[in-house]
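Dear colleague,

Please find the structure below, together with its sequence.

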Amino acid sequence: MVQPEDDVMAVSENAVRLCEDLVDRASLVMVPDAGHALLPEQPDAVAEAVLSWLEQRNRISIPQG
């Protein structure tokens, strides 16, 4: 999850709780100085979080068969 730290509509506590519930299936990146309009407010932070997640995901070996 990429969560804007200052979002008053989708509060960060919900993201934290969801990631705690989905321990092995979700991770959280908290983006400071961003509200609900995360993409236009912090596009570089969002890109970095997504690219980092994709890079990590590609390193995981998926068993075949």
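**Helix α1 and the overall form**

The cover over the buried residues of helix α1 includes the strands β1 (2–4) and β2 (29–31). Please note that this is a predicted model.

Helix α1 spans residues 12–21, and its buried residues are Ser12, Ala15 and Cys19. These residues lie on the same side of α1, because they cover an arc of only 55 degrees around the axis. The spacing accords with a general rule: an α-helix has 3.6 residues a turn, so residues three or four places apart point the same way. On the face of α1 turned away from the buried side, the exposed residues are Glu13, Glu20 and Asp21.

As to the chain as a whole, the protein contains three helices and two strands, and their order from the N terminus is β-α-β-α-α. Among contacts with a separation of 6 or more, 52% join residues 24 or more positions apart.

The radius of gyration is 14 Å, whereas a compact globule of 65 residues would have one near 11 Å. The C-alpha trace spans about 45 × 25 × 15 Å along its principal axes. Buried residues make up 18% of the 65 residues. The protein exposes about 5,200 Å², and 55% of this area is supplied by carbon and sulfur atoms.

Finally, with regard to charge, the protein carries 4 positive and 12 negative side chains. The centres of these two sets lie 13 Å apart.

Yours sincerely

Notes: Residues are numbered from 1 along each chain as its sequence is written. This is a predicted model: local features need pLDDT of at least 70, side-chain atom pairs count only at pLDDT 80 or more; totals for chains, interfaces and linings use all residues. Side-chain values use heavy atoms; hydrogens and water are left out. Helices (H or I, at least four residues) and strands (E, at least two) are DSSP runs, numbered from the N terminus. The radius of gyration is taken over C-alpha atoms; the globule rule is 2.2 Å times the number of residues to the power 0.38. Buried means under 20% relative accessible area, exposed over 50%, partly exposed in between (1.4 Å probe, protein chains only). Contact means heavy atoms within 4.5 Å. Accessible areas come from the Shrake-Rupley method with a 1.4 Å probe; for residues, only the protein chains shown count as cover. Lys and Arg count as positive and Asp and Glu as negative; His and the chain ends are not counted. The place of a charge is taken as NZ of Lys, CZ of Arg, CG of Asp or CD of Glu. The arc is that of the directions from the helix axis to the C-beta atoms.
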